[in-house]
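This briefing covers a helix pair and a few backbone details. Please read it beside the sequence and the structure.

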Amino acid sequence: MNKGIKASSDDIWKNRVDKVNAELFTLTYGSVVAQLVRDFKNDYQKVNQQLEKMGYNIGIRLVEDFLAKTGTGRCQSFKDTAEVVSKVGFKVFLNVTPQVTNWTSDGKTFSLILDENPLAEFVELPDDERAKKELWYSNVLTGVLKGALEMVQLEVDVNFVSDVLRGDDRTELRLQLIRFLKDEMPAGED
Amino acid sequence: MTEITPQVNATCLDLLINEMVPLAIRTTRELKQSYEQAIESLVPQISIKDEDTGDVEILNSELLHSEDVTHKLENCGYSIGIRLSEVLIYKDSQNEILKNLELLNIMKFICRDVWRELYGKQMDNLRTNHRGTFVLIDNAFKTFQRFDSPVDLQDTIYKCKPYLWISSGIIRGVLKSFGVDSLITPEITKFPMVSFNIQTNV
Amino acid sequence: MTIFSFWIFDRHCNCIYSREWTQVLNPATESSGTINAKANEDNAKLLFGVLFSLRNIARKVGDTPEQENTLNSFATAKYRAHFYESPSGLRLCILSDLETQNLQTQLRDVYSNIYVEHIVKNPLSPVDFKPGSKITNQRFIRLVDRYLGPQ
């Protein structure tokens, strides 16, 4: 892992990124979640699904902006990927750097701990016991990560395992590598 | 150096807004389906990827301009507007707006403060008949900045229109936060120029 | 510096954009230039085949864990083909005269400042193209022409 990674992503954030008020972003996302909760009449499974799907569509576009702005190459290992997602990806888009931790011994699964989560700032879940058990408020992130990583040939499974909004101690995303995808071949070759 | 207001990359907000219309169509479609499928058959799990992944086919849906979709987008905008108003006034308690709550002054607040926060620029024109009707005009609506259909300009305009309901809702929300009820008709006058015709009950 | 043509291939190996300013590949036909010409479909396939093979050879011979061995260009007796591939598998190629040695910066610019800004961030444009579908956005065409086309 390149040691300059933190310095360079700080620089990208400072100098190469157009920024908006985080509150505007938070309340725009909040309005989307609230609308879904209303539409699906508190069926939180469906809300989670829609958020993930929306995230996937965002992720496959977001990754191109990421590659263009940062000039990041393909990662050599899933360990590198974890560092880049946290220190470059989250940094240049949300200006936070989640902690990478809880690696499994096979090196295929890790957690991102979000000490700060701009999506959920000042948010309270609906006053409904089921919401606290079923809604993953920031679930758009699981889709974004899946979509973005798939575009660089990494098929991953991403899930929230805890969220401070639900009263948990911390907000934790779990990423599991399913497989490295192979480049597609032109027709007629193999 | 610490930043005064927390910020995020503008691309995050742009991409989120871009996806709001496809989401509204998808939601409407799914709700219609589950309604039609009745209770005995379980609603199939939607897969994360489907025919519209990475594609824009969904914008060709006949639901694009449906009342359901329009209503969802306008409603999202409305709740953004209500809260954005609080944020702006809380952030700047010296704001001129608080000294004079006349309707015209509230409209100026929308044209100046709200629009700058949302789009980094002010509204270009404000007209009124002084009897409660206002027309707000933005000569180059920022949300449309990168919208360009592979088909033609007419198609671009057709598919842009639903996005305008978000902003329309925001204006209605801000007005409501000052206790003003309104009826707003947004229009793409000459792409990317847009106008909002606002009728108030004052 | 003379640029003859510009090509984009997606990660499914399909040509999603081709712009020819002169008919370098087929001097028999006279034309002021074409965009996404049907007649170029076969050339696109052949060109992609060569680029893809050379890029694979470069990776096989000379890749190290620290640095990828990338294909930057190759030359024939009449032209040079410049190649850039994004980590997301978008491949861009320019055919130029032999005097033009290196167009890596220009290829990256087209990717970062034109493709990403006006295709990827344009919600009316797909980013995953169905086989046979092409980039036809007027703004994209105009910007590429202004940046790479004859002055």
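In which loop of chain B does P192(B) lie? The model is predicted, and in it P192(B) sits in the loop between β4 (182–190) and β5 (193–200) of chain B.

**Peptide bond in chain B**
- The bond that leads from F191(B) to P192(B) is cis, and its omega is near 0°.

**Positive phi in chain A**
- N95(A) is not a glycine, yet its phi is positive, at about 60°.
- The loop that holds N95(A) runs between α4 and β2 (99–101) of chain A.
- N102(A), also not a glycine, has a positive phi of about 55°.
- N102(A) belongs to the loop between β2 and β3 (109–113) of chain A.
- With a relative accessible area of 36%, N102(A) is partly exposed.

**Helices α3 and α4 of chain A**
- A pair of packed helices is described by the angle and the distance between the two axes.
- Helix α3 (residues 44–70) and helix α4 (residues 78–94) of chain A have axes that come within 11 Å and cross at roughly 95°.
- Angles of 65 to 115 degrees count as roughly perpendicular, so α3(A) and α4(A) are roughly perpendicular to each other.
- On the α3(A) side, the contact involves L62(A), D65(A), F66(A) and T70(A).
- These meet V84(A), V88(A), G89(A), V92(A) and F93(A) of α4(A).
- By type, the residues of this contact are six nonpolar, two polar and one charged.

Notes. Residues numbered from 1 in each chain as written. Chains lettered and ligands numbered in written order. Predicted model: local features only at pLDDT ≥ 70, side-chain atom pairs only at ≥ 80, totals over all residues. Heavy atoms only, no water. Axes fitted to C-alpha atoms, helices over the stretch in contact; angles between N-to-C directions. Helix = DSSP H or I, 4+ residues; strand = E, 2+ residues; numbered from the N terminus. Parallel < 35°, antiparallel > 145°, perpendicular 65-115°, else oblique. Contact = heavy atoms within 4.5 Å. Nonpolar A, V, L, I, M, F, W, Y, C, P; charged D, E, K, R; others polar. Buried < 20%, exposed > 50% of the residue type's maximum accessible area, 1.4 Å probe, protein only.
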